[in-house]
Amino acid sequence: MKNYDVIIVGAGPGGIFSAYELVTNNSELKVAVFEEGHLLEKRKCPIDGDKVKKCISCKTCSIMSGFGGAGAFSDGKYNITNDFGGTLYEYIGKKKAIELMHYVDKINMEYGGEGTKLYSTAGSGFKKICLQNKLNLLDASVRHLGTDINYIVLNNLYNFLKDKVDFYFDTPVTNIELLGENDEGYIVDTSNENYECKKCVVSVGRSGSKWMEKVCSDLKIPTKSNRVDIGVRVELPAVIFSNLTDELYESKIVYRTEQFEDNVRTFCMNPKGSVVTENTNGIITVNGHSYEDKEKQTENTNFALLVSKHFSEPFKDSNGYGESIARLSNMLGGGVIVQRFGDLIRGRRSNPKRIEEGLVVPTLSATPGDLSLVLPKRILDGIIEMIYALDNIAPGTANDDTLLYGVEVKFYNMEVEVDDHLESLHKGLYIIGDGSGVTHSLSHASASGVFVAREILEK
Ligand SMILES: Cc1cc2nc3c(=O)[nH]c(=O)nc-3n(C[C@H](O)[C@H](O)[C@H](O)COP(=O)(O)OP(=O)(O)OC[C@H]3O[C@@H](n4cnc5c(N)ncnc54)[C@H](O)[C@@H]3O)c2cc1C
């Protein structure tokens, strides 16, 4: 059986930054990375808008899996903040978390990101304007790499790592076994061979959530799961939001609804971007991204409006709840549904003619339909309230032709019980990134990777 000092499962940002930090600080270490998906250059989603218009549920989703993880074709927005993107600070402290996010940013700059803009809410007049309209603008600095530069950074990181780390692509890890009674090490099983290691870092992201559940159950690692975010992706002419996006690029704004006192928030804002589909465990949901390259930019801005649902006992399957709602939209629309805001508030479905006549040209080919048949009333009411609140700071948001795509679901991995070192109850088995439930963003996931690598190096 081949032996490693450290085996990393998953080559998303968490796994990549663990590997990077390990090998740059100790060139003697034998490190392997196992990844279910392909090498970056082989990652190709078959949807071309021509022959293949909709998700065909590939065996491994090239959007979610492969070198770079779920973030590879993302907008590459690295939010440096403790206000959202995960709760890493609860484990390692706020100061350390921010310090590591800045460190990740520095590496991204060294590997091709130099020259990209770092936006900040600090000193922005929008904070006051938002508060005057019952909206709360959260504090953050955001580095916008853009889909194109993000790809270049990942490619450069791969070229740096490939001779120092053994990469196993298209190799899903099937199981992790304990070696001996006292956590002396781990056996990492794949369908071809098994490998042995002293320390194991698991960073399997959202696409690995079901597998992570199984590993935790097998190894008796406690978990809890109680949150899912459900909502829509809004698409409107970029000029409507340009005041905000020119200054802040991405703004995380929270609105507390009058009717139910639920929090609705903006998420993943993509100025001049495109709306895209996402496949999580066979369920098609919506997302968005944008390019730094002006040639690839569109006339539209998109962002999600999400409502968090926290469940209490006895219900445990919050992701199952989100999946069922997404399945409804898949059932009615064969995938993602698009509806004009004007049609939604008039209680009628959108049809191809109304969409075509509208002022907003959709960037995603979705099925015109009726989101009120999919989203629970409470969630939909909250979203409509927030659209009107946003209309006060960005007039035109509540125009009839504003497009709503549904559904957008943020599945949260169950929270895996880890200690302040991000180590599970088995010594030397670290669970990081989105797969741990601790992080939900590029910057937090990457920072968690650096953090555990330093823990391992120290030990
Ligand atoms: C379209 C899109 C846009 C996004 N945009 C942004 C953004 O702009 N800013 C932001 O902060 N976040 C964004 N995100 C979220 C961000 O990508 C994730 O938070 C981040 O990638 C998490 O990193 P990770 O390393 O924890 O997991 P992932 O990036 O999900 O990587 C996990 C890897 O593990 C692999 N894996 C899973 N199971 C196994 C197994 N059993 N064996 C081997 N390998 C396995 C997967 O194939 C995957 O490559 C976006 C996500 C999507 C899908």
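I looked up the bridge partner of Val228 and found Phe411 in strand 20, where strands, like helices, are DSSP runs numbered from the N terminus (E, at least two residues, for strands; H or I, at least four, for helices). This is a predicted model, in which I took local features only at pLDDT of at least 70 and side-chain atom pairs only at pLDDT 80 or more, while totals for chains, interfaces and linings use all residues. My residue numbers start from 1 along each chain as its sequence is written.

Within strand 20, Lys410 stands opposite Asp229, and Tyr405 is the bridge partner of Arg233. Tyr405 is also the bridge partner of Val338, and strand 18 (residues 337–340) pairs with strand 20 in the antiparallel sense over four bridges.

I then turned to strand 17 (residues 300–310), which pairs with strand 12 in the antiparallel sense over 11 bridges; there Leu305 is the bridge partner of Val232. As a reminder to myself, strands of a sheet pair through backbone hydrogen bonds, either parallel or antiparallel.

Which order do the strands of the open sheet take? I read eight strands in the order 5-13-14-17-12-20-18-19, with mixed pairing. The edge strands are strand 5 (135–137) and strand 19 (367–368), each of which pairs on one side only.

I checked burial next, calling a residue buried if 20 or more other C-beta atoms lie within 10 Å of its own, exposed if 12 or fewer, and partly exposed in between, with C-beta atoms placed from the backbone. In strand 12 (residues 227–237), 10 of the 11 residues are buried, so this strand is largely enclosed by the rest of the structure. Strand 20 is mostly covered, nine of its nine residues being buried. Helix 8 (residues 318–333) lies across strands 12, 17, 18, 19 and 20, and runs at about 150° to strand 20; axes are lines fitted to C-alpha atoms, for helices over the stretch in contact, and angles run from 0 to 180 degrees between N-to-C directions.

For contrast in location I looked up Lys214, whose place is in helix 6 (residues 209–218). Lys214 is partly exposed, because 13 other C-beta atoms lie within 10 Å.

Around the ligand I found 44 residues, the closest being Gly10, Gly12, Gly69, Gly205 and Gly433; a residue is near a molecule if its C-beta atom, placed from the backbone, lies within 6 Å of it. Helix 1 (13–25), strand 3 (77–80), strand 16 (283–289) and helix 12 (442–458) are the elements that give two or more residues to this shell. The shell residues divide into 13 nonpolar, 24 polar and seven charged, where Ala, Val, Leu, Ile, Met, Phe, Trp, Tyr, Cys and Pro count as nonpolar, Asp, Glu, Lys and Arg as charged, and the others, Gly among them, as polar.

Finally, I looked at how helix 1 and helix 12 pack, and found an angle of about 35° with their axes 7 Å apart. The residues of this contact (C-beta atoms, placed from the backbone, within 7 Å) divide into 11 nonpolar, seven polar and two charged.

Key:
Two strands pair if DSSP finds at least two bridges between them. Two residues are in contact if their C-beta atoms, placed from the backbone, lie within 7 Å.
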